[in-house]
Amino acid sequence: MLPADVPALIARIPLFAHLNAAQRAALAEHLRWICLPGGQYLIRAGEVAEALYLLRSGSLGVFDGPTDLIRQISADDCLGEVSLLSGEAFRYNVRALRDSELLRLDRDMFEHLIEQHPRAMLDVARQAMDRLLRRERHAESPDKPRTFAILPVDENVPVRGLAMQLAQALEAYGDCIVIDAEHGATRGSDWFAEREAQARFVIYLDSTGDPSWRLRCLRQADVLLLPALAAQPARPWPESAPGHPARVRHRPRHLLLIHPAHRVLPGSARRWLGVFSGEIHHHHVCGEGDVPRIARLISGHARGLVLAGGGARGLAHLGALRALGEAGHEFDAIGGTSIGAIIGAGVANMWSIDDMTRIYYEAFVRGKPLSDWTLPFVALTRGRRAAMMLRRAFGAIDIEDLERPFFCVSTNLSGEGRVVHRHGPLWLWLRATSSIPGILPPVLHRGHVYVDGALVDNLPTDVMAEDGIAHITAVAIRADIALRAQSEEFATPPWWRLWMRQRRGTGWPGLVSTLTRAAMVNSEETSQHCIEAADLLITPPLEHVSMLDWKDWQLAVDSGYREALRVLEQQARGIHSPASGADMTVAG
């Protein structure tokens with residue numbers, strides 16, 4: 001027997017929204033109700049659609065191959081219409097991410113409706129093709145998660161207050177209700193489907209540890225939230241057992257570490273993450289601002305910051321960050337390359353702008369990290385001063401210990417190419433991401449060779465976008481260093497003649513300039529794509545600042561501040577600032 005809400009469901013689905021009441025009633029008569037357990041396939045790649053499916057509750061995943069999730073389908077949507085109309089096979093697999101209820105319209109019933117209501121079903125076909133074109137052009141954004149299960153590691157974790165704070169934060173993006181065992185333990189699937197249809201977000205809360213209710217929470221959730229007390233010894237979740245329903249793949253998992261004394265306990269993230277296998281996100285809960293940040297991240301409304309490399313020019317990031325902070329911009333996730341990653345790590349560590357300015361002035365201007373020159377068997381410098389500078393600034397913390405999610409990018413010369421670092425010693429991977437080949441020696445780690453990430457991705461907005469961050473602010477650095485020759489040469493002259501030419505300004509490009517410029521070439525091909533991924537782009541004019549001359553630091557900071565103010569003023573006036581043509585530096 002079909003649920004009573006089927007006509008209302010049909011009216012909510014955009015594909016059928018134009019049908020009148022009689023046509024919707026005719027469609028409802030031919031639908032069949034089916035239940036699809038979490039993890040079970042609905043459609044496999046290569047199959048031709050034999051039915052149109054309307055998703056009443058739950059969520060489905062569209063997979064390229066067995067594991068690559070490319071799109072999520074939420075309640076009040078449909079699938080199969082394009083294959084049904086065209087007769088072409090499905091390109092992707094579709095399976096339930098959690099327990100789902102669907103309404104099925106078989107092919108022969110679909111064709112019967114076409115005969116009975118040709119004009120209405122022609123409009124359905126047009127709607128289906130329009131959806132397909134939008135999807136092919138990437139104009140149709142993937143569905144955002146709607147249901148969350150809060151599943152503490154044990155009953156000692158104070159989760160009720162956490163759930164109320166999370167619900168309040170989610171209210172900024174739509175109605176949110178919290179359902180616990182007291183309200184939902186004895187309910188049937190229709191009751192849950194009705195609640196999910198009424199509210200934009202639903203939080204299923206397990207505060208008692210009751211196994212049957214906990215299982216229901218798992219079955220209803222798009223996203224699993226796993227709170228634990230950071231100071232406690234790490235132990236596996238009950239759902240980690242083999243064969244448990246929570247092991248259904250591709251439901252995002254978020255570990256929430258609740259810290260005492262409003263500060264992150266170093267090493268706690270690595271300890272707790274060690275009990276999990278597979279991909280899992282983690283978040284630190286230290287103060288009142290952390291729960292709203294988590295709400296933005298898990299619901300698809302987060303704001304990210306990406307900072308580019310650029311040597312001494314990269315200190316312009318400090319000025320841009322000051323202007324962004326004065327304008328009230330806050331960021332939920334941070335990433336970067338080279339000097340951008342180093343400054344971004346300070347943002348992720350919740351340093352103030354004044355503290356970052358002081359720390360980085362001491363580190364780069366007074367510390368002179370590139371002053372330990374040596375015989376150039378490997379590089380022009382030993383790299384020891386640079387490493388010690390990073391150790392002094394950040395200590396021995398891991399990337400996982402930063403208060404905000406953070407990544408940096410390096411280039412693996414052992415065959416992997418671009419590597420995105422989210423775990424491990426922070427100072428080590430900051431040292432790797434800033435290793436300009438020939439100037440700083442590479443980082444050797446577990447048999448691999450790592451150098452400056454700017455060789456392949458100087459402004460990794462693509463990484464941030466793949467993380468599902470909704471709005472990306474990027475600070476890019478122009479690549480306006482063009483080496484020019486004033487003579488025809490293929491070999492350097494004797495040293496004394498070369499020295500005289502260098503004094504007259506007619507000699508060969510310097511070694512540092514050549515190495516720095518060489519590091520830019522590969523990444524420039526991808527720079528435009530990365531620029532276009534930014535929702536707010538700031539590109540300070542830095543022609544007057546040398547790449548590795550740290551004495552010009554204040555000029556760089558001031559330029560970053562002025563340019564950020566200009567871009568923010570344009571944004572406030574609704575003026576679009578084109579990103580094209582902003583070549584970017586990729587070294588340092």
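This report walks through the nonpolar cores, the salt bridges and a surface patch of the structure above. Keep in mind that this is a predicted model.

**Inside the protein**

The largest nonpolar core has 75 residues, and Tyr360, Phe394 and Phe406 are the ones with the most contacts inside it. What does Tyr360 touch, once its neighbours within four places in sequence are left aside? Its contacts are Leu315, Leu318, Ile342, Ile343, Gly346, Trp351, Val365 and Phe394.

**Salt bridges**

On to the charged side chains. The structure holds 25 salt bridges. Here are a few pairs:

| Pair | N to O distance |
|---|---|
| Arg56 and Asp190 | 3.3 Å |
| Arg98 and Asp222 | 2.7 Å |
| Asp355 and Arg358 | 3.6 Å |

Take Arg56 and Asp190, whose side chains meet in a salt bridge. Arg56 sits in strand S3 (residues 51–57) and Asp190 in helix H8 (residues 189–198), so this pair ties together parts that are 134 residues apart in sequence. Are the two partners buried or exposed? Arg56 counts as buried because its relative accessibility is 5%, under the 20% cut-off. Asp190 is partly exposed, at 43% relative accessible area.

The bridge between Arg98 and Asp222 also links distant parts of the chain, 124 residues apart. Here both partners lie in loops: Arg98 in the one between strand S7 (93–96) and strand S8 (100–106), Asp222 in the one between helix H9 (211–220) and strand S12 (223–229). Arg98 and Asp222 are both buried.

Asp355 and Arg358 are another story. They are 3 residues apart in helix H14, so about one helical turn separates them. Asp355 is partly exposed, with 33% relative accessibility, and Arg358 is partly exposed too, with a relative accessible area of 48%.

Salt bridges can also join up into a network, as they do for Arg32, Arg104 and Asp106.

**Out on the surface**

Which residues form a nonpolar patch on the surface? They are Leu375, Phe377 and Val378, and together they have about 400 Å² of accessible area. Val378 belongs to the loop between helix H14 (353–366) and helix H15 (384–394). With a relative accessible area of 59%, Val378 is exposed.

Notes:
Residues are numbered from 1 along each chain as its sequence is written. This is a predicted model: local features need pLDDT of at least 70, side-chain atom pairs count only at pLDDT 80 or more; totals for chains, interfaces and linings use all residues. Side-chain values use heavy atoms; hydrogens and water are left out. Patches are made of residues with over 30% relative accessible area and no salt bridge: like charges are joined within 9 Å, nonpolar side chains (Val, Leu, Ile, Met, Phe, Trp, Tyr) within 5 Å. Accessible areas come from the Shrake-Rupley method with a 1.4 Å probe; for residues, only the protein chains shown count as cover. A salt bridge is a side-chain nitrogen of Lys or Arg within 4 Å of a carboxyl oxygen of Asp or Glu. Helices (H or I, at least four residues) and strands (E, at least two) are DSSP runs, numbered from the N terminus. Buried means under 20% relative accessible area, exposed over 50%, partly exposed in between (1.4 Å probe, protein chains only). A nonpolar core is a set of buried Ala, Val, Leu, Ile, Met, Phe, Trp, Tyr and Cys residues joined through side-chain atoms within 4.5 Å. Contact means heavy atoms within 4.5 Å.
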